Amino acid sequence: MRGMRKGVLGVALAAAVVWGAGATAGAVGPTGGAEADLTHHGHVSLWDGRVGVWLVSGNHGPSDVSQATVRLAFSVPMAGGQELPPACLWSSDRVVSCRTGELRAAGGVGELALDLRTAGLPDELTVDITTAWRGGVADRNPANDRHRVLVLATGDPYVF
């Protein structure tokens, strides 16, 4: 039992050191690495069990991003068997992940349109839009690539 406690303590301390080093590096910022400012904006609509998403990803620079991944997490499950655009894949019945393509500094734009069906007929849902991966490029302003949108089943576009 004592050996097990020492092992668990050792793992916890190692994790704390690694986390602490990462937290310090993140607070100071990247040291000589590339930096970009990714953005995701667009709108989401919900009507009759259908969800429409139109998303534009951009990069305010200063470095190009060869590829990034945007994650769309829905609060309700989507109906099974739906095909996605070639740049996207299902991570679960509530999550879609999509490649943005290359986003050049100061103006690179990638567009995405999704037409999905929900598993039921919800009166509302939320969508969390986040950058899941940016190819090792730092982003000191993540506020403009993270959104939570409440969407009512009115067919109206809810802008983010």
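Tutor: Let's start with one term: pLDDT is the predictor's confidence in each residue, on a scale from 0 to 100. You will want it here, as this is a predicted model.

Student: Thanks! What is the mean pLDDT of the chain?

Tutor: The chain averages 84, and 79% of its residues reach 70 or more.

Student: Over which residues does pLDDT stay under 50?

Tutor: That stretch is residues 1-31. For these residues the model has five contacts beyond four places in sequence.

Student: Good to know. Now the sheet: in what order do the strands of the open sheet run?

Tutor: The general idea is that strands of a sheet pair through backbone hydrogen bonds, in either a parallel or an antiparallel way. Here, five strands make up an open sheet with the order E4-E5-E3-E7-E8, and their pairing is antiparallel. E4 and E8 are the edge strands, each pairing on one side only. On average, neighbouring strands in this sheet are turned by 20 degrees against each other, ignoring direction.

Student: How many bridges pair E7 and E8?

Tutor: Seven bridges, in the antiparallel sense. To find one of the partners on screen, pick Thr 130: its bridge partner in E8 is Arg 146.

Student: Let's move to side chains. How many salt bridges does the structure hold?

Tutor: Five. To read one, look for a side-chain nitrogen of Lys or Arg within 4 Å of a carboxyl oxygen of Asp or Glu. Glu 35 and Arg 140 form such a pair, with the closest N and O atoms 3.4 Å apart.

Student: Why does the pair of Glu 35 and Arg 140 tie together parts that are 105 residues apart in sequence?

Tutor: Because Glu 35 sits in the loop between helix H1 (2-28) and strand E1 (38-47), while Arg 140 sits in the loop between strand E7 (124-133) and strand E8 (146-152). Glu 35 is partly exposed at 23% relative accessible area, whereas Arg 140 is exposed at 53%.

Student: Which residue forms a salt bridge with Asp 115?

Tutor: Arg 50, with 3.0 Å between the closest N and O atoms. This pair links distant parts of the chain, as Asp 115 belongs to strand E6 (residues 108-117) and Arg 50 to strand E2 (residues 50-59), 65 residues apart. Asp 115 is partly exposed at 47% relative accessibility, and Arg 50 is partly exposed at 26%.

Student: What about Arg 148 and Asp 128: how do their side chains meet?

Tutor: In a salt bridge, at 2.6 Å from N to O. Arg 148 is in strand E8 and Asp 128 in strand E7, so this pair ties together parts 20 residues apart in sequence. Arg 148 is exposed, with 64% relative accessibility, and Asp 128 is partly exposed, with 21%. Salt bridges can also share partners: Asp 64, Glu 102 and Arg 104 are joined into one network that way.

Student: Next, cysteines. Which residue does a disulfide join to Cys 88?

Tutor: In general, a disulfide is a covalent bond between the sulfur atoms of two cysteines. Here there is one disulfide, and Cys 98 is the partner of Cys 88, with 2.0 Å from S to S. Cys 88 lies in strand E4 (residues 88-90) and Cys 98 in strand E5 (residues 95-99), ten residues apart. The link is right-handed, with 110 degrees about the S-S bond.

Student: Are Cys 88 and Cys 98 buried or exposed?

Tutor: Both are buried.

Student: Where is the place of Arg 94?

Tutor: Arg 94 is in the loop between E4 and E5, and is partly exposed at 33% relative accessibility. Its contacts beyond four places in sequence include Leu 72, Phe 74 and Ser 75. Arg 94 and Ser 75 are 19 residues apart in sequence and 6.8 Å apart in space, C-alpha to C-alpha.

Student: Last topic, the backbone. Which peptide bond is cis?

Tutor: The bond from Gly 61 to Pro 62 is cis, with omega near 10 degrees, and Pro 62 lies in the loop between E2 and strand E3 (69-74). For phi, look at Asp 48, which has a positive value near 45 degrees. Asp 48 is in the loop between E1 and E2 and is exposed, at 68% relative accessible area.

Methods:
Residues numbered from 1 in each chain as written. Predicted model: local features only at pLDDT ≥ 70, side-chain atom pairs only at ≥ 80, totals over all residues. Heavy atoms only, no water. Contact = heavy atoms within 4.5 Å. Helix = DSSP H or I, 4+ residues; strand = E, 2+ residues; numbered from the N terminus. Buried < 20%, exposed > 50% of the residue type's maximum accessible area, 1.4 Å probe, protein only. Disulfide = S-S within 2.5 Å. Pairing = 2+ DSSP bridges. Axes fitted to C-alpha atoms, helices over the stretch in contact; angles between N-to-C directions.
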